[in-house]
Amino acid sequence: MSKPVIQIKNLEKVYEGAVPVHAVNGINLTITEGEFTALKGPSGCGKTTLLNLLGGLDKPTSGSIEIGGVDITTLSENQLIDFRLRNIGFVFQAYNLIPVLSAQENVSFIMLLQDRPKEEREARAQQLLEAVGLKGKEGQRPGQLSGGQQQRVAVARALASKPQFVLADEPTANLDSTSTANLLDIMEKLNKEEGMTFVFATHDDRVIKKARRIISIEDGKVLSDE
Amino acid sequence: MIFKVAWRNIWRSKVRSFIVIGSIAVGIWAGLLIIGFSFGMNNERTASAIGTTIGHAQIHSTAFDAEPLSGAVLGDDVAVTKLREEVERLPFVAGTAQRTVLQGMINSAKSARAVRIMGVWPKDERAQTTLPMTLVDGDFFESAGRNRLVIGEKLANRLGLKLRSKVVLTFQDAEGTLSRASFRVSGIYKTLNATWDEFHLYVHHKDLEQTLGAPLVHEVLVRFDETVDTDEKTVELASVLPNGMSLKSWKQVNPELGFADDMMAIMLVLVLGIIMMALLFGIINNMLMAILERRRELGMLMAVGMNKRKLFLMILLETLMLGCVGGPIGIVLGDLSTRIMMRIGIDLTSKKEGLAELGVQSIIYPEIVPEYYIIIAIMVVTTALIASILPAVRALKLNPVEAIRGQ
């Protein structure tokens, strides 16, 4: 049996205001190693909030999130930054690459933040770019790459830090169908061959079809878990 | 790689970076020109005063310092000669000249004025001062004759005197008795210091001796080899003086000059400080704009695990690099401009009269002051460091989730 990577217990996130909004409302979940999971639901259902909480980018109102045995809700801001660096890979909707760095440098940069030696950084960056089908594009900057290629660099960057899992927030939202198919094939391959855990927040059917576990969220609650 | 990212980041908005770098360069260029101009003007004024009239230091009797009476002499001929020999043995002393200094009155047919009468040994005066070279009419005791007088042009004009005009000088002898003697104007001088010209006149010591009955030496002017480390040299010189004698540096003889010299350094640092303040706001504005434009990217960096120390370092490096590009450009431009001005001079003929009152020529030749290049370099780096604080703090306060969403 696969070991759990993420364990969520009674997680709540309430945005205070004139009318308090329960973006995440008592969610309990366990995500195990090697899963390829999609969090689906309409806009505003709370899936991105849940993803941000899982990634330690936001603090829950109550409940706990254990990642590899560490309850990240108890960590300080600085501890969280370091935890994210060493345990979580991120893929964003808008790629968010550093425009002044080449594809290879973008991938290496995360490893630099981890203080890894230069040789290791360069070798792993090349290996990852090859894995996402960007061999020969290492020296190109984001502005010289298509949207699909940029998102593949972002995937390589997410994997560069050797995280426990990768969180992807609407990774295909800005991609055409060919690029989406390519990206999903690559992520599926990395999931199967390297056992990397992927958690997507999406309402893209193409992603949902590929996912092996689909968690439907509505009004901050888990509606179904298939 | 953070260094590389910072360097490339400053070229993301080339126009904006060029404007900031340009403003830093222009600010420093202007600062260096002001420094060169101020030093040129002040040094010329100082050199002129030292060279033509006061020397680097003056030796008097302590009694003369207390009250400059005719009887407060340095000693007899033998004592003064011994003193001069002792002083001239010091390696940094280029020469000495002795003078009789009397407070007195000058009467012309038109008017009368209080003056300081300088009884000089012309050969010494010619060797140790440039006053004889400032003559606009007549000569400096070269022609034959008795009771000759060399007077400043400004005083001559006030008294309505020309060459060969007759005047009467009134002064006290060693016993305090008032004496009078007639003199004829044999030379008219004009130094850069109009105030000096208006108050000092020169006579041959022998002509004074006839009235005074004996040679009176009140002052020994000392000229150093060069006008550097004069404070240290003055201290060393003071140590060889016998009791009853005092030494005044050029700064003490002419406190206004000394004050201007000391104050100038402070004023120039203040001027540079003001320039740096202006640059500070320019750099802060530029960096705040850059942070605003890169919110999403900075949010991403924080999300993926860039800690605050590294984020701060990156922004600090970017700011520092702007200064490190603009600074040297400004220094090179300032240096080149000053060197050109050193050759051609800055012509302020339209302000000639006012400048003459200050003891300065109408054409100013700026000077290169290398120490200020180091001061400017330190100030630019400090300004850049200070300028980085606010943008860096703003960046550190970003909420990664909101920044990534572009909120």
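How many residues of helix 1 of chain A are buried?

1. Helix 1 of chain A, residues 47-54, is mostly covered, with eight of its eight residues buried. Buried here stands for 20 or more other C-beta atoms within 10 Å of a residue's own, exposed for 12 or fewer, and partly exposed for anything in between, with C-beta atoms placed from the backbone. The buried residues are A:Lys47, A:Thr48, A:Thr49, A:Leu50, A:Leu51, A:Asn52, A:Leu53 and A:Leu54. A:Gly56 follows helix 1 of chain A and has a positive phi, near 70°. Helices (H or I, at least four residues) and strands (E, at least two) are DSSP runs, numbered from the N terminus.

2. On the model and its numbering. This is a predicted model, in which local features need pLDDT of at least 70 and side-chain atom pairs count only at pLDDT 80 or more, while totals for chains, interfaces and linings use all residues. Residues are numbered from 1 along each chain as its sequence is written, and chains are lettered from A and ligands numbered from 1 in the order in which they are written.

3. On the interface between the chains. Chain A brings 20 residues into contact with 18 residues of chain B; a contact requires that the C-beta atoms of two residues, placed from the backbone, lie within 7 Å. On the side of chain A that touches chain B, helix 2 (77-87) and helix 3 (103-113) of chain A each supply at least two residues. Helix 3 of chain A gives the largest share of that side, six residues. Sorted by class, the side of chain A that touches chain B holds 12 nonpolar, four polar and four charged residues. The classes are nonpolar (Ala, Val, Leu, Ile, Met, Phe, Trp, Tyr, Cys and Pro), charged (Asp, Glu, Lys and Arg) and polar (the others, Gly among them).

4. On helices 3 and 5 of chain A. Helix 3 of chain A packs against helix 5 (residues 147-160) of chain A at an angle of about 25°, and their axes are 8 Å apart. Helix 3 of chain A is therefore roughly parallel to helix 5 of chain A, a term for angles under 35 degrees, where over 145 is roughly antiparallel, 65 to 115 roughly perpendicular and the rest oblique. Axes are lines fitted to C-alpha atoms, for helices over the stretch in contact, and angles run from 0 to 180 degrees between N-to-C directions. Helix 3 of chain A passes helix 5 of chain A in a right-handed crossing; right-handed has the near helix turned clockwise from the far one by less than a right angle, left-handed anticlockwise. Helix 3 of chain A makes this contact through A:Ala103, A:Asn106, A:Val107, A:Ile110 and A:Met111, and helix 5 of chain A through A:Val153, A:Ala156, A:Arg157 and A:Ala160. The contact has seven nonpolar, one polar and one charged residues.

5. On helices 5 and 6 of chain A. The axes of helix 5 and helix 6 of chain A come within 9 Å and cross at roughly 20°, so these two helices are roughly parallel to each other. The crossing is again described as right-handed. Residues of helix 5 of chain A in the contact include A:Gln151, A:Arg152 and A:Val155, and those of helix 6 of chain A include A:Leu183, A:Ile186 and A:Met187. By class, the contact has six nonpolar, five polar and one charged residues.

6. On two loop residues of chain A. A:Lys162, in the loop between helix 5 and strand 7 (165-169) of chain A, has a phi near 55°, a positive value in a residue other than glycine. A:Lys162 counts as partly exposed because it has 15 C-beta neighbours inside 10 Å. A:Glu170 lies in the loop between strand 7 and helix 6 (177-194) of chain A, and its phi is positive, near 45°. A:Glu170 is partly exposed, with 19 other C-beta atoms within 10 Å.

7. On the domains of chain B. The domain assignment, automatic or from a database, gives domain 1 (2-48 + 258-405) and domain 2 (57-226) of chain B. Taken over C-alpha atoms, the centres of these domains are separated by 51 Å. Seven residues of domain 1 of chain B are in contact with four residues of domain 2 of chain B.
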